[in-house]
Amino acid sequence: MDGLSPIDGWALLAILAKAAGYAAALVAMGGPLFVAVFRSAPGDVLRVARQLAVGAAILGLAVLALRFGIRSARISGMGFEGAVDPMMLGLVWDSPLGTAALWRGAGELLILAVLIEGTIGLTASLLGALLVAVSYTLVGHSLGDPRWLLAVLVGVHLLAGAFWIGALAPLHRAAGLTGGTVLLHRFGIIASGTVAVLILAGLTFAWLMIGSFGGLFGTAYGWTLIAKIIVVTGLLGLAANNKLRLVPALASGDPTASTNLRRSIRMEIIAVALILLATATLTSITTPPVNL
């Protein structure tokens with residue numbers, strides 16, 4: 001198939017590590033965003049957001065270090081020896097991944113400040129979230145043309161996605177609390193706007209990578225993107241069902257609504273994991289049609 005790189009064990013490991021890195025970055029970025037927007041949320045819910053953000057930031061730092069070894073092993077073709085070879089690691093450090101790692105590492109360290117309650121801790125962690133988003137504009141397919149438009153689209157797409165993904169676990173907790181309905185309803189209103197931005201930025205970026213409908217159906221990149229869009233459509237269906245049916249049912253006192261809503265949010269988390277795997281595949285072993 002056109003645009004598909006050779007797939008071996010290191011390529012699969014690269015996909016898994018990159019997907020884990022995406023998940024860690026989005027949850028870490030989403031924590032401060034959630035706390036900033038919903039500062040009046042119940043204490044238990046804010047605690048979940050803060051603790052998950054910190055755990056994800058630490059995981060993100062570990063994955064970042066792991067990815068250097070994987071990249072070194074892949075470009076050297078030496079397997080594990082290449083993964084620990086100082087010269088190869090130096091070459092990776094001098095690549096765009098090294099520059100992005102500095103921004104991402106600094107951002108994830110700043111996100112740890114979300115544990116400090118108050119304006120200073122929140123401001124530092126929000127700055128960290130912004131640095132992590134910027135780091136993804138320095139690598140991968142965003143380095144193509146038009147450079148600045150692609151970078152802006154990636155940054156906006158990530159921040160909007162982080163707001164949604166970082167909120168899933170806190171909302172899961174809120175769905176089991178008395179009085180959590182207000183928070184869930186307010187999230188649904190705000191998310192209606194951020195999801196529209198998320199989709200618009202993602203589709204625009206995808207079209208710039210594909211360039212034509214022929215590229216969509218005739219390449220590995222296109223078929224992987226189609227698989228991703230199918231899962232995204234399912235995720236949007238779950239979110240719409242939550243907003244239009246399950247949250248109103250919870251507000252009306254339906255005794256089954258809390259269980260159903262929490263189950264639906266868990267399904268959203270599974271869908272997000274599949275989307276991140278598809279995204280990691282797109283950026284690891286496929287070439288955008290415009291670059292073929």
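This is a predicted model: local features need pLDDT of at least 70, side-chain atom pairs count only at pLDDT 80 or more; totals for chains, interfaces and linings use all residues.
Ala-56 has a relative accessible area of 8%, and since buried means under 20%, Ala-56 counts as buried. What does Ala-56 touch once its neighbours within four places in sequence are left aside? The contacts are Ala-24, Val-27 and Ala-28. Ala-23 is also worth a look: 33 residues separate Ala-23 from Ala-56 along the sequence, yet their C-alpha atoms are 7.9 Å apart in space.

Those residues bring us to helix H1, which spans residues 9-37 and packs with helix H7, residues 147-174. The two axes are 7 Å apart and meet at an angle of about 75°. Angles of 65 to 115 degrees count as roughly perpendicular, and H1 and H7 are therefore roughly perpendicular to each other. On the H1 side, the contact is made by Leu-26, Val-27, Met-29, Gly-30, Leu-33, Phe-34 and Val-37. H7 contributes residues including Leu-158, Gly-161, Phe-163, Ile-165, Pro-170 and Leu-171. Sorted by class, this contact holds 14 nonpolar and three polar residues, with no charged ones.

Helix H6 comes next, running over residues 119-135. Its 17 residues reach 24 Å from the first C-alpha to the last, close to the 24 Å expected at 1.5 Å a residue. Which residues of H6 are buried? They are Gly-121, Leu-122, Ala-124, Ser-125, Gly-128, Ala-129, Leu-131, Val-132, Ala-133 and Ser-135. These buried residues pack against H1, H7 and helix H5, which covers 96-111.

Between H6 and H7 lies a loop, and Pro-146 is in it. Most peptide bonds are trans. The bond from Asp-145 to Pro-146, however, is cis, with omega near -5°.

The unreviewed entry annotates "transmembrane region" over residues 12-36, 48-70, 109-136, 148-171, 183-208, 220-240 and 269-287. Take residues 148-171: in the model this span is 100% helix and 0% strand, with its end C-alpha atoms 34 Å apart. Residues 220-240 are likewise 100% helix and 0% strand, and their end C-alpha atoms lie 30 Å apart. The unreviewed UniProt entry also carries the annotation "domain: Copper resistance protein D", covering residues 183-282. That span is 91% helix and 0% strand, and 35 Å separates its end C-alpha atoms.

Notes. Residues are numbered from 1 along each chain as its sequence is written. Side-chain values use heavy atoms; hydrogens and water are left out. Axes are lines fitted to C-alpha atoms, for helices over the stretch in contact, and angles run from 0 to 180 degrees between N-to-C directions. Helices (H or I, at least four residues) and strands (E, at least two) are DSSP runs, numbered from the N terminus. Angles under 35 degrees count as roughly parallel, over 145 as roughly antiparallel, 65 to 115 as roughly perpendicular and the rest as oblique. Contact means heavy atoms within 4.5 Å. Ala, Val, Leu, Ile, Met, Phe, Trp, Tyr, Cys and Pro count as nonpolar, Asp, Glu, Lys and Arg as charged, and the others, Gly among them, as polar. UniProt positions are given in the numbering used here, feature names are shortened, and annotations may be inferred rather than shown by experiment. The expected span of a helix is 1.5 Å times one less than its number of residues. Buried means under 20% relative accessible area, exposed over 50%, partly exposed in between (1.4 Å probe, protein chains only).
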